[in-house]
Amino acid sequence: MTGQADEELVDAIVAHAQRRLNGLANAELAKEMAAYMKTEMPFYGVQSPNRQEILREIKKDHKITDSATHMAAISALWAGEHREEKYLAVRLARAYPKLITFAYLDLFLSMIREGSWWDFTDEIASHLVGKILAEHPEETWPLMDEWLEDDCMWIRRTALIAQLRFKEKTDVAWLLEACEARMHEKEFFIRKAIGWALRELSYSEPEVVREWTDANKENLSGLSYREARKRLAK
């Protein structure tokens, strides 16, 4: 991290978030949200529209102008006990895209490892790690093969879905090789990621996806195959 974070601003951001989340807390919703996410991590019971409003307030009242403070605020919110604080950490990261550099990558990957669930991984991978991959390819692409072999399943999933928003800029050859390398896995979230990545690719390369899934149908899981071909079927 370059420069020094404005710790007073970071503290003000966290205090604002926690004050508003406490004020909006709903015990019944908290139970429902935890059950849906299959987690023991506590919720305040504050749903997405209200969290977005809190984020807008934070951006308006506590302006961040440098990467050091931005990273520190993300980390401080992520360290919160409740899941909504972590959701706000991810959204705060996304709220300042011009500040994000390659230096953020370790933070985002650590959040994926610690979060270890789809609600964190998918947003961080596609919106944040993917952004770094697109804007800092020389530094980031060499790491993708390592992620694909990582012991943490969520990091492997990140490698598979990091290009979800790339469209015609997707490295097709790498993605197909990655899908082939992981298609033996029985893990649901890897099988789903393969299908998801291929389905997104089918918007720009439908024939590539059709031919590749036909050629690999016997080795692909049914889930991956169906997901990959959803758009093709239409």
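A: Leu99 counts as buried, at 16% relative accessibility. Buried means under 20% relative accessible area, exposed means over 50%, and partly exposed lies in between, with a 1.4 Å probe and protein chains only. This is a predicted model, in which local features need pLDDT of at least 70 and side-chain atom pairs count only at pLDDT 80 or more, while totals for chains, interfaces and linings use all residues. Residues are numbered from 1 along each chain as its sequence is written, and side-chain values use heavy atoms, with hydrogens and water left out.

Leu99 sits in the loop between α5 (83-95) and α6 (105-115). Helices are DSSP runs (H or I, at least four residues), as are strands (E, at least two), and they are numbered from the N terminus. Beyond the residues up to four places away in sequence, Leu99 touches Ile64, Thr65, Asp66, Ser67, His70 and Tyr104. Contact means heavy atoms within 4.5 Å. Gly222 is 123 residues from Leu99 along the chain, and their C-alpha atoms are separated by 41 Å.

For contrast, take Asn50, in helix α3 (residues 48-61). Asn50 is partly exposed, with a relative accessible area of 37%. Its C-alpha atom is separated by 37 Å from that of Asp171, 121 residues apart along the chain.

Now Ser202, in helix α11. Ser202 is buried, at 0% relative accessible area. Leaving aside neighbours within four places in sequence, Ser202 is in contact with Val209, Ala228, Arg231 and Leu232.

Helix α10 (residues 172-182) has buried residues too: Trp174, Leu175, Leu176, Ala178, Cys179 and Arg182. They pack against α8, α9 (153-161), α11 and α12 (206-215).

Next, a helix pair. The axes of α7 (residues 118-135) and α8 (residues 137-148) come within 6 Å and cross at roughly 125°. Axes are lines fitted to C-alpha atoms, for helices over the stretch in contact, and angles run from 0 to 180 degrees between N-to-C directions. The two helices are therefore oblique to each other. Under 35 degrees counts as roughly parallel, over 145 as roughly antiparallel, 65 to 115 as roughly perpendicular, and the rest as oblique. On the α7 side, Val129, Ile132, Leu133, Ala134 and Glu135 make the contact; on the α8 side, Pro137, Thr140, Trp141, Met144 and Trp147 do. By class, that gives eight nonpolar, one polar and one charged residues. Ala, Val, Leu, Ile, Met, Phe, Trp, Tyr, Cys and Pro count as nonpolar, Asp, Glu, Lys and Arg as charged, and the others, Gly among them, as polar.

On a 1 Å grid over the protein atoms alone, a cavity is a set of points where a 1.4 Å probe fits but cannot get out; a pocket is an open set with protein on both sides within 12 Å along at least five of seven lines; lining residues have an atom within 4 Å of a point. Grid points are joined across faces, edges and corners, and a volume is the space filled by probe spheres set on the points.

The largest pocket has a volume of about 190 Å³. Of its 13 lining residues, Ser126, His127, Leu128, Lys131 and Arg165 are the closest to its centre. Helix α7 gives the most to this lining, with seven residues.

There is one cavity of 30 Å³ or more. The largest cavity holds about 60 Å³ of space. Its lining includes Leu160, Leu175 and Leu201. Helix α11 gives the most to that lining, with three residues.
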